[in-house]
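Reader: I have a chain open on my screen and would like to go through its contacts with you, a bit at a time. Could you start with the terms you use?

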Amino acid sequence: KGELRIQSLSFDDAGMYQCIAENMHGIIYANAELKIVASPPTFELNPMKKKILAAKGGRVIIECKPKAAPKPKFSWSKGTELLVNGSRIRIWDDGSLEIINITKLDEGRYTCFAENNRGKANSTGILEMTEATRITLAPLNVDVTVGENATMQCIASHDPTLDLTFIWSLNGFVIDFEKEHEHYERNVMV
């Protein structure tokens, strides 16, 4: 195919490369520069979120995305405790931390550590648990005669520190109450 593969790159491999193709009708050249990028991990451009919210009994993924070359190795701690993969906790290859079945005991300071052969860095965020949002009164099936009005209710419980938004859809398409106000009406009960 005329391709050049370089394995286990080092800084000595950087430079201008030239491909020459020739046959009995002539010769042509193409040039390309190979730059070798290497840097210690840094969170300057993409720090961890300072506050992470997770619903009680739910699942959370805390991202850890430092800039680094080569790809760093990742580790996590909660406070002073080093975290390892278990039944509820998993450290992904991309550095993200996943926690399932969230409880109050999972709240606290989480730190992601990233290290490669150029250096190391870390970033910290605080995980807070919120009460899960639940539908307490779901819409019921309704039989209505053509031309009459139909009313459907939806009531939910939620964490009082968070806002709650209801979104209605018809056959998978979200209803736009601004455009369809002549046909649909939203009544908000406090």
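Author: Let me begin with the term salt bridge, which here means a side-chain nitrogen of Lys or Arg within 4 Å of a carboxyl oxygen of Asp or Glu. Please keep in mind that this is a predicted model.

Reader: Fine, how many salt bridges does that rule give?
Author: Applied to this model, the rule gives a count of 7 salt bridges. One of them pairs the side chains of Glu3 and Arg5, with an N to O distance of 2.9 Å, and Arg5 is exposed, its relative accessibility being 66%.

Reader: And which residue forms a salt bridge with Lys51?
Author: That partner is Glu128, and the closest N and O atoms of the two residues are 3.7 Å apart. Because Lys51 belongs to strand β4 (residues 51-55) and Glu128 to strand β12 (residues 119-130), this pair ties together parts that are 77 residues apart in sequence. Glu128 counts as partly exposed, at 30% relative accessibility.

Reader: Which residues are linked in a network of salt bridges?
Author: Such a network links Arg59, Arg90 and Glu98. Within this group, Arg90 and Glu98 form a salt bridge whose closest N and O atoms are 3.7 Å apart.

Reader: Is Glu98 buried or exposed?
Author: Glu98 is buried, with a relative accessible area of 11%, whereas Arg90 is partly exposed at 44%.

Reader: Switching to cysteines, what does the disulfide join?
Author: The count comes to 1 disulfide, and it joins Cys64 to Cys112 with an S to S distance of 1.9 Å. Cys64 sits in the loop between β5 (59-62) and β6 (67-69) while Cys112 is part of strand β11 (residues 108-116), so the link ties together parts that are 48 residues apart in sequence.

Reader: What's the handedness of the link between Cys64 and Cys112?
Author: The link is left-handed, with -75° about the S-S bond. Both Cys64 and Cys112 are buried.

Reader: What makes the nonpolar surface patch?
Author: Leu4, Ile6 and Leu9 make this patch, which covers about 280 Å². Leu4 is in the segment before β1 (15-23) and is exposed, with a relative accessible area of 62%.

Reader: What does Gly15 touch?
Author: If residues up to four places away in sequence are not counted, Gly15 touches Ala32, Glu33 and Leu34. Gly15 is found in strand β1 and is partly exposed, with a relative accessible area of 25%.

Reader: How about Trp76, buried or exposed?
Author: Trp76, which lies in strand β7 (residues 73-78), counts as buried at 0% relative accessibility. From Trp76 to Ser96 the C-alpha distance is 9.3 Å, and the two residues are 20 apart in sequence.

Reader: Last one, which domains does the assignment give?
Author: The domain assignment gives domain 1 (40-130) and domain 2 (132-189), and the C-alpha centres of these two domains lie 37 Å apart.

Methods. Residues are numbered from 1 along each chain as its sequence is written. This is a predicted model: local features need pLDDT of at least 70, side-chain atom pairs count only at pLDDT 80 or more; totals for chains, interfaces and linings use all residues. Side-chain values use heavy atoms; hydrogens and water are left out. A disulfide is a pair of cysteine sulfur atoms within 2.5 Å. Helices (H or I, at least four residues) and strands (E, at least two) are DSSP runs, numbered from the N terminus. Buried means under 20% relative accessible area, exposed over 50%, partly exposed in between (1.4 Å probe, protein chains only). Patches are made of residues with over 30% relative accessible area and no salt bridge: like charges are joined within 9 Å, nonpolar side chains (Val, Leu, Ile, Met, Phe, Trp, Tyr) within 5 Å. Accessible areas come from the Shrake-Rupley method with a 1.4 Å probe; for residues, only the protein chains shown count as cover. Domain bounds come from an automatic or database domain assignment. Contact means heavy atoms within 4.5 Å.
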